[in-house]
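The sequence and the structure come first, and the description follows.

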Amino acid sequence: MQPEVRYAALALSAIALPAAAFLGLGAAMLVGRPASERVTTRVTATAQVLSLLCALGVAQAVFFGPKSSLALELGDWYLMPGYGFPVTLLIDRLSGPMMVLTALICGVVGRFSVTYLHRERGFQRF
C-alpha cells in the first residue's frame, strides 16, 4: 500500500470511527433496544481512542514525512458539464495538530460525560 493511501485511510478513519459509533448506538436506540451503560461507554471510548491514534498517525506523517501536506480527493460534491466542485481534505502542519487536539478534547469530554451521567436515566443519549 502506498504511503499516501495509508495516510488517507488513517485520516478518514479518524473521522469515520466516532461517526460509526454514533450511528450504531443511535440505530440501536431507534429500534427500541438501547445498549447498556457499559456497552455504550466501551463503544464510545474505543472509537475516541482509535480516532486519536489515527489523528496522531496522520500528524506524524505530515511532520516527519517527505511532504508537508496531504491532499485527499474525496470526489465531487457538485458536477456538471464545464464546472465541478471537488471535495478535498487538506492536512498540513497546522491542521494536523488541530486534528489531534480535537480528538483529544472529544475524548476528555466523552470521559467526563461518562462519569457525570453515570446511572442517569437516558444515559445512552449522551
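In the second largest pocket, helix α3 gives the most to the lining, with 7 residues. The coordinates discussed here come from a predicted model, and the pocket in question has a volume of about 160 Å³. Its lining comprises 13 residues, of which Ala45, Gln48, Val49, Gly107 and Arg111 are the closest to its centre. The elements that give two or more residues to this lining are α2 and α3. By residue class, the lining of the second largest pocket divides into 7 nonpolar, 5 polar and 1 charged.

The largest pocket has a volume of about 550 Å³. It is lined by 24 residues, and those that lie nearest its centre are Pro18, Phe22, Thr44, Gln48 and Cys106. Two or more residues of this lining are given by each of α1 (3-31), α2 (37-64) and α3 (95-116). Helix α3 accounts for the largest share of the lining of the largest pocket, namely 8 residues. The classes in this lining are 14 nonpolar, 9 polar and 1 charged. Gln48 is named among the residues nearest the centre of the largest pocket, and Gln48 is likewise named among those closest to the centre of the second largest pocket.

Confidence in the model should be kept in view when these linings are read. The protein chain averages a pLDDT of 89, and 98% of the residues score at least 70. Among the elements of the chain, α3 has the highest mean pLDDT, 94, while β1 has the lowest, 87.

The largest nonpolar core is made up of 9 residues, which are Tyr7, Ala8, Ala11, Val58, Ala61, Val62, Leu70, Leu72 and Ile91. At least two residues of this core are supplied by each of α1, α2 and β1 (70-80). As background, nonpolar side chains in soluble globular proteins tend to be buried together.

| Residue pair | Separation in sequence | C-alpha distance |
|---|---|---|
| glutamate 4 and isoleucine 91 | 87 residues | 12 Å |
| alanine 16 and alanine 47 | 31 residues | 9.1 Å |
| valine 39 and glycine 26 | 13 residues | 13 Å |

Valine 5 counts as partly exposed at 42% relative accessibility. Alanine 16 is at 40% relative accessibility and therefore counts as partly exposed, and valine 39, with a relative accessible area of 40%, is partly exposed too.

Threonine 41, found in helix α2, belongs to another group. Its relative accessible area is 18%, so threonine 41 is buried, since buried means under 20%. Not counting residues up to four places away in sequence, threonine 41 touches Arg111, Val114 and Phe123. Arg111 in turn is one of the residues closest to the centre of the second largest pocket.

Arginine 119 has a positive phi of about 65 degrees although it is not a glycine. In general, most residues other than glycine have a negative phi. Arginine 119 counts as exposed because its relative accessibility is 72%, and the limit for that class is over 50%.

Key:
Residues numbered from 1 in each chain as written. Predicted model: local features only at pLDDT ≥ 70, side-chain atom pairs only at ≥ 80, totals over all residues. Heavy atoms only, no water. 1 Å grid on protein atoms, 1.4 Å probe; cavity = no way out; pocket = protein on both sides within 12 Å on 5 of 7 lines; lining within 4 Å. Points joined across faces, edges and corners; volume = space filled by probe spheres on them. Helix = DSSP H or I, 4+ residues; strand = E, 2+ residues; numbered from the N terminus. Nonpolar A, V, L, I, M, F, W, Y, C, P; charged D, E, K, R; others polar. Core = buried A, V, L, I, M, F, W, Y, C linked by side-chain atoms within 4.5 Å. Buried < 20%, exposed > 50% of the residue type's maximum accessible area, 1.4 Å probe, protein only. Contact = heavy atoms within 4.5 Å. pLDDT = per-residue confidence, 0-100.
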